[in-house]
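Here is a short briefing for a first look at a structure. Please view the sequence and the model, then read the points below.

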Amino acid sequence: METLIQVSYLVAAALFILGLKQMSSPVTARRGILWAGAGMVLATLVTFMSPQILDSDQVSTNILLIIVAITLGGGYAWYSGKKVAMTDMPQMIAMYNGMGGGAAAAIAAVELLKASNEAAHDLSGTATVADILGADVAVLGILGAIIGTISFSGSIIAWAKLDGRLNRSKLLPMQHVINALLALVTLGFAAAIYFTNSIDPIVIFYLLALVLGIFITVPVGGADMPVIISLFNALTGLAVGFEGYVLGNAAMIIAGIVVGSAGSLLTQLMAKAMNRSVANVFFAGVGTDSGAVAGDGSEGVMKEIQAQDAGILMSFASQVVIIPGYGMAVAQAQHKIWELSQILTEKGVSVKFAIHPVAGRMPGHMNVLLAEAGVPYDMIYDMEDINADFKNTTVALVIGANDVVNPSAKNDTSSPLYGMPILDAINADNVIVIKRGRGAGFSGVENPLFFADNTKMLFGDGQKAVSELIQAVKEL
Amino acid sequence: MIEGLAAIYIFMLAGFTGYEIISKVPVILHTPLMSGSNFVHGIVLVGAMVALGIAETGTEQIIGFIAVLLGAGNAVGGYVVTERMLEMFKPSDKQSKGEGS
């Protein structure tokens, strides 16, 4: 039986890796998640036959509890996952990720409580948790506990912030100093767990780690949230890997560490795409440093255009590049945009979608939103592939995007956006910007593109403006 | 049981594997892939089942129960959202003529 279980775990781990590999191409991605899902079902089923579980004194109670917990936790997640809107996907990922971190921390708690209990009843009277578990298991178990707990409480804060339930980004003065001290104290209690057989340090340790996760995440700005979520995802993977070592479970070690390293790389890629370093995300926030942003570059006037004229311009264009931003998704205009691009295509206009790496709430989020509306992925272009093409473009249609087309990221060293790669919409013959009002964008930075000679503003709600455009194009 | 040097080998190789998988991913798949890797660490459910399975005291059972509850949430939720996202990625069927990719 033991062999069957171990082989099944190995197969599951292989399915996870192959599944992730297939998820890295849009053609095979769908199959990838199915394979990984099959691995998960296999691993879960064989675990019911694990001798560790079957040899327990309370085998029937425990198995019943396992089934109830899986039904409740899985049922809730199934329901919420099916129901969530695509725009709210990032916070749901944060939530599920936090659950994983919490599970890893809870596994460690059971092991540590068992060990401290055993040590306390040891005949020598001086046994410690480390003696019972062995140094390697104790160290990795405690490390997994702290990482998992931080990921748990941090992810919940990230979820609350993205879901609009928590807006504050300041808790205490000198937050970073306090966080550093808190981290040291937490590590102190971690050492206390290791060198004693008492339950008290375990309880205090978990409470401190929970608070630490909250303190780390609260100051992080909304725009940086994807990086934090990705980081917590990697951390949970690491915690799962460590607890896998504690339990001697190969599937957990492999899957956890694969996610830990893949997630770390993904975090770096995201931070790079947003022109932030990971350290930056923790220790600063765009826009929080006083209001020294406004002013420069905002000379000139915005030129308005009516939907009719914009429609004519686009109908006779040779190429239209649509640049969607999160504002489009908020206005639920993606279906209308797709309708517009279909009509334009029928008229012989070449239509492309240009996606900035950080369009939407996290890299790739906009692609998901467009895919939901039915836009095929081969009409969607990454920044590197489309930027050279803007000079061949008659109309660049910017909808709900702002900072990602802000030219001051390129030529204004005083801009907070300076250095961020942008879409060169300004190089198109005409730029039409659909925008709700005249204010600055998400980051509060003025956008000189809106005042450029070749830019026309189409003010109004995204969905309504696009409907008018469709109408205008159809009438021709 | 996996111990000592063998474990270090597994840690190292798994680390390289994860790095290798991600290094060539187009940006359009970052969110689904993050979601997918989020699902994969839902394997923590298996460990949580063992933790609850070996629980003897009431406290251990409560914590183990929470572990399984959270682990199942991670695995199932991660699967559902990833599947929903990837389901929507399809190539253009007919109207994409010419216009090399």
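A helix here is a DSSP run of H or I that is at least four residues long, numbered from the N terminus. By that rule, Glu339(A) and Lys336(A) both fall in helix α15 of chain A, residues 334-346. The two are three residues apart, about one turn of the helix. Note that this is a predicted model.

**Chain A at a glance**

- Chain A has 19 helices and six strands.
- Its C-alpha trace spans about 90 × 50 × 30 Å along the principal axes.
- Chain A holds 476 residues, and 58% of them count as buried.
- Take the contacts in chain A with a separation of 6 or more: residues 24 or more positions apart account for 76% of them.
- The accessible surface of chain A is about 18,600 Å², and carbon and sulfur atoms make up 63% of it.

**Chain B at a glance**

- Chain B has four helices and zero strands.
- Read from the N terminus, its elements run α-α-α-α.
- Of its 101 residues, 61% count as buried.
- Among contacts in chain B between residues at least 6 apart in sequence, 66% join residues at least 24 apart.
- The accessible surface of chain B is about 4,000 Å², with 66% of it on carbon and sulfur atoms.

**Where the chains meet**

- The contact draws 106 residues from chain A and 84 residues from chain B.
- Ile33(A), Met40(A) and Lys114(A) supply 7% of the area that chain A buries against chain B, more than any other three residues.
- Together the two chains bury about 8,600 Å² between them, and 77% of that is on carbon and sulfur atoms.
- Three salt bridges cross the interface of chain A and chain B.
- Arg30(A) pairs with Glu83(B) in a salt bridge, and their closest N and O atoms are 2.5 Å apart.

**Lys114(A) and its partners**

- Glu56(B) and Lys114(A) meet through their side chains in a salt bridge of 3.2 Å, N to O.
- Glu56(B) sits in the loop between α3 (44-53) and α4 (58-87) of chain B, while Lys114(A) sits in helix α5 (residues 89-120) of chain A, so the pair joins two chains.
- Glu56(B) is partly exposed, at 43% relative accessibility.
- Lys114(A), Glu56(B) and Glu60(B) are linked in a network of salt bridges.

**Salt bridges around Glu339(A)**

- Over all chains, the search of the whole structure finds ten salt bridges.
- One of them joins Glu339(A) to Lys336(A), with the closest N and O atoms 3.8 Å apart.
- An α-helix has 3.6 residues a turn, so residues three or four places apart point the same way.
- Lys336(A) is partly exposed, at 25% relative accessibility.
- Glu339(A) is also partly exposed, at 28% relative accessibility.
- Lys474(A) forms a salt bridge with Glu339(A) too, and here the closest N and O atoms are 3.9 Å apart.
- That pair links distant parts of the chain: Lys474(A) is in helix α19 of chain A, Glu339(A) is in helix α15 of chain A, and they are 135 residues apart.

**The end of helix α19(A)**

- Glu475(A) belongs to helix α19 (residues 462-475) of chain A.
- Glu475(A) is exposed, with a relative accessible area of 56%.
- Met457(A) is 18 residues from Glu475(A) along the chain, and their C-alpha atoms are separated by 21 Å.

**Two covered helices**

- Why is helix α16 of chain A (residues 365-373) described as largely enclosed by the rest of the structure? Eight of its nine residues are buried.
- The buried residues of α16(A) include His365(A), Met366(A), Leu369(A) and Ala373(A).
- Helix α2 of chain B (residues 30-40) is mostly covered, with eleven of its eleven residues buried.
- Among the buried residues of α2(B) are His30(B), Pro32(B), Gly36(B), Phe39(B) and Val40(B).

Terms used: Residues numbered from 1 in each chain as written. Chains lettered and ligands numbered in written order. Predicted model: local features only at pLDDT ≥ 70, side-chain atom pairs only at ≥ 80, totals over all residues. Heavy atoms only, no water. Buried < 20%, exposed > 50% of the residue type's maximum accessible area, 1.4 Å probe, protein only. Contact = heavy atoms within 4.5 Å. Areas by Shrake-Rupley, 256 points an atom, 1.4 Å probe, with all protein chains shown as cover. Buried area = accessible area lost by both parts, 1.4 Å probe. Salt bridge = Lys/Arg side-chain N within 4 Å of Asp/Glu carboxyl O.
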